[in-house]
Amino acid sequence: MKLWQIAHSRSGDKGTISNISLIAFRAEDYARLTRHVTAVRVRERFAGLVTGEVRRYELPSIAALNFVLHGMVDGGVTRTLALDTHGKSLSSALLDMEIPDDDD
Amino acid sequence: MKTVRIGSGAGFAGDRIEPAVELATHGSLDYLVLECLAERTIALAQEARAQDPSRGFDPMLERRLEAVLPTCREHGVTIVTNMGAANPASAGARARELARRLGCHGLTIATVSGDDVYDVVMAGDFAIAETGAPVSTLKDRLISANAYIGAEPIVEALAKGARLVITGRAADPSLFVGPLAYSLGWQFDAWPALGRGTLAGHLLECAGQVTGGYFADPGRKDVAGLERLGFPIAEVADEGPIIITKVSGSGGAVTAATCKEQLLYEIHDPSAYITPDTIADFSQVTVTQVADDRVAVDGATGRARPDTLKVSLGYRDGYIGEGQISYAGSGAVGRARLAAAVARDRLERSGIAPADIRCDLIGISALHGEAMSTAVAEPYEVRVRVAARTPSRETAGRIGEEVESLYTNGPAGGGGATRSVREVVAIASTFIPRALVPCTVQIEVA
């Protein structure tokens, strides 16, 4: 299944660092998110776009994960040549990630 | 127990104006905050001030204040805004003239100055956080250096009777923490309270982003009424949860989901959200829908504020030129790739470094690159975008020229070419001791 079937997301930026939240629609899906959406997998997902570390923060009280992506390619908001200078659309790329749907 | 109602009437410089009027008129507010200042915005404002010393405040200052001042006056709402940008004093003078013209005689206006630390960072020994190089190496490329100041001068302004407070580079959440601290009597070592106030400010500072904006996704997350989106209100008391709501009947929605998305927006470590007022901790926050368009947010706290203040440095960093052209129908992608290759080849031959040129296919790979693109079928149309960084404005103009000349020299059926050139104002940061940023509060009466 795709992540968007069980979670929603928003992305933001501070210079060359982007963050992408991943929030379970239902609290019972939080464990599944923590199991399958690891920092390693998110780094793979954004392999062409991130040069640095990906860190994951866990927020069980709101059934959410927060991914912080260091070293966004191309120098960050103010001097990037990219069309989406702020990385506002990154959340959609995360939500299209595939996770196993047979482990309940 | 006293409850403060604080509304957010703008979340960025170009935000809609009428939601603020709706909030002031129908929101039963104590305070209306207008947050209009981004990192690049203040650098551009410093450039405007350098050209004309009477300018450098937000260009929409008069339009926004004209829309909200009379109704705020009528309903007893105090306004706090960072529209002073690079020139709070001139903004205050302009606001006073405007208030008189609108019949708001006797309105007490406060301006907060002191965030401009250009001379301090150029004279001192400060390192650029991103590179480690001394700030002074930016030399005449440095346009602006503004410290993120906290809520204390806003409290001072309110204590002096201000009903309109105009700051420069105050930190966004501090615009909210100021009125809350003043009304609820928080001292600037009451860290857990300041952490709660910072959470309220953080949830509200992007205005429509917590009421359904930047959220709607048809079929998955439906939001009605984005065309008349209501902006948010926080109800904050000395204890208990913060309530996020909006004016009844306005568009959009306040739900647990909208609040959770905004809670994590631009957050790195949720247990250490660093502001000038406190290091806030959002890691244990709970979010509960208590009624339609009413969400309770609880559990934020804070610890001692940092000894240094972050300084946003704006500097000139060359130019970016851009050109775009579209192709349609069968074979469109192949023609678009050919067009991009031709433009790139000619720009590289003209001496622009390959690393400074970027070619995108809008509709296929412009946002996240080829690897992410999962296009299953060839799209009906595709738009080529060529962008390049150059040291001069003249060279930047060459990018658009190369793309435009594809009309007659490139692949078949290219249409709709556009071109643009912009100066790059890049942003870096440094940190300086608080003691080097004394702020002053000036009072004027309309």
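Tutor: Two strands pair if DSSP finds at least two bridges between them; strands (E, at least two residues) and helices (H or I, at least four) are DSSP runs, numbered from the N terminus. This is a predicted model, in which local features need pLDDT of at least 70 and side-chain atom pairs count only at pLDDT 80 or more, while totals for chains, interfaces and linings use all residues. Residues are numbered from 1 along each chain as its sequence is written, and chains are lettered from A and ligands numbered from 1 in the order in which they are written.

Student: Is α1(B) roughly parallel or roughly antiparallel to α3(B)?

Tutor: Axes are lines fitted to C-alpha atoms, for helices over the stretch in contact, and angles run from 0 to 180 degrees between N-to-C directions. α1 (residues 18-26) and α3 (residues 61-75) of chain B pack at about 5°, with axes 8 Å apart. Angles under 35 degrees count as roughly parallel and over 145 as roughly antiparallel. Therefore α1(B) is, relative to α3(B), roughly parallel.

Student: How many charged residues does the side of chain B that touches chain A have?

Tutor: Contact requires C-beta atoms, placed from the backbone, within 7 Å. By that rule 39 residues of chain B are in contact with 28 residues of chain A. Asp, Glu, Lys and Arg count as charged. On this side of chain B, the number of charged residues is 13.

Terms used: Two residues are in contact if their C-beta atoms, placed from the backbone, lie within 7 Å. Angles under 35 degrees count as roughly parallel, over 145 as roughly antiparallel, 65 to 115 as roughly perpendicular and the rest as oblique.
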